[in-house]
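Keep the picture in view as you read.

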Amino acid sequence: MFESRHISIRIHRSADEVYAFTHEPESFTQWAAGLASGLTQDGDQWIAHGPGGDVHVKFSAPNAYGILDHWVTLPDGTQLYMPLRVVANGEGAEVVMTLYRPPGMFDDAAFARDAAAVARDLAKLKALVEA
């Protein structure tokens, strides 16, 4: 089993509104720094072009459950599973990302930096959706 961290943020918009914005893969380029370079659709996957090479991303299909899971395949073939959920929280929503630490992939400092980057991404999402 992988070490994991759940990183979440409360958003003062309904879960339906948050999901309506976030379920489109193109929206990730507005708030997820790792995909900010843009996405190009390639069949049922998307390609993000970064300094380390092309990263392939597969997003979960639109659904009624707030599931925004995605799978990122790095240039070396490593696949990372990124569970992401929008859940109702009263009249607002909570967005929760589970960050896994695959064995040997991150040292403690790198895992902490990755978690901080996810928190920044979620804060940017919050600002966009609440604006």
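Two strands pair if DSSP finds at least two bridges between them. With that in mind, look at Gln41: its bridge partner in β3 is Trp46. Please remember that this is a predicted model.

Together β2 and β3 form a hairpin, with two residues between them. In that turn, Gly43 has a positive phi of about 70°.

The chain then turns again: a hairpin through two residues joins β3 to β4. Strand β4 covers residues 53-59, and its antiparallel pairing with β3 runs over five bridges. Here Ala48 has Val55 of β4 as its bridge partner.

| Strand pair | Bridges | A bridge partner pair |
|---|---|---|
| β3 and β4 | five bridges | Ala48 and Val55 |
| β7 and β8 | six bridges | Val87 and Glu94 |

**A sheet of three strands**

In what order do the strands of the open three-stranded sheet lie? The order is β1-β8-β7, and the pairing is antiparallel. β1 (3-11) and β7 (84-89) stand at the edges with a single partner strand each, so one side of each has no neighbour in the sheet. From one strand to the next, the twist averages 25°.

Within this sheet, β7 pairs with strand β8 (residues 92-101) over six bridges, and Val87 has Glu94 as its bridge partner in β8. Helix α1 (residues 15-22) packs on the sheet, where it touches β1, β7 and β8. The direction of α1 makes about 160° with that of β7. Helix α3 (residues 108-130) lies across β1 and β8, and it runs at about 20° to β1.

Ala88 lies in strand β7. Is Ala88 buried or exposed? Its relative accessibility is 61%, so Ala88 counts as exposed, because exposed means over 50%. Leaving aside neighbours within four places in sequence, Ala88 is in contact with Ala15 and Ala93. Ala88 and Gly66 are 22 residues apart in sequence, and their C-alpha atoms are 8.9 Å apart in space.

**Two helices that meet**

Two packed helices are described by the angle between their axes and the distance between the axes. For α1 and α3, the angle is about 110° and the axes are 11 Å apart. The two helices are therefore roughly perpendicular to each other. On the α1 side, the contact is made by Val18, Phe21 and Thr22; on the α3 side, by Leu125, Leu128 and Val129.

**Stepping back to the whole chain**

The protein chain has three helices and eight strands. From the N terminus on, they follow one another as β-α-α-β-β-β-β-β-β-β-α. A compact globule of 131 residues would have a radius of gyration near 14 Å, and the chain agrees because its value is 14 Å. Its C-alpha atoms fill a box of roughly 40 × 35 × 25 Å along the principal axes.

Buried residues make up 37% of the 131 residues. The accessible surface comes to about 7500 Å², and 55% of it belongs to carbon and sulfur atoms.

Key:
Residues numbered from 1 in each chain as written. Predicted model: local features only at pLDDT ≥ 70, side-chain atom pairs only at ≥ 80, totals over all residues. Heavy atoms only, no water. Helix = DSSP H or I, 4+ residues; strand = E, 2+ residues; numbered from the N terminus. Axes fitted to C-alpha atoms, helices over the stretch in contact; angles between N-to-C directions. Contact = heavy atoms within 4.5 Å. Rg over C-alpha atoms; globule rule 2.2 N^0.38 Å. Buried < 20%, exposed > 50% of the residue type's maximum accessible area, 1.4 Å probe, protein only. Areas by Shrake-Rupley, 256 points an atom, 1.4 Å probe, with all protein chains shown as cover. Parallel < 35°, antiparallel > 145°, perpendicular 65-115°, else oblique.
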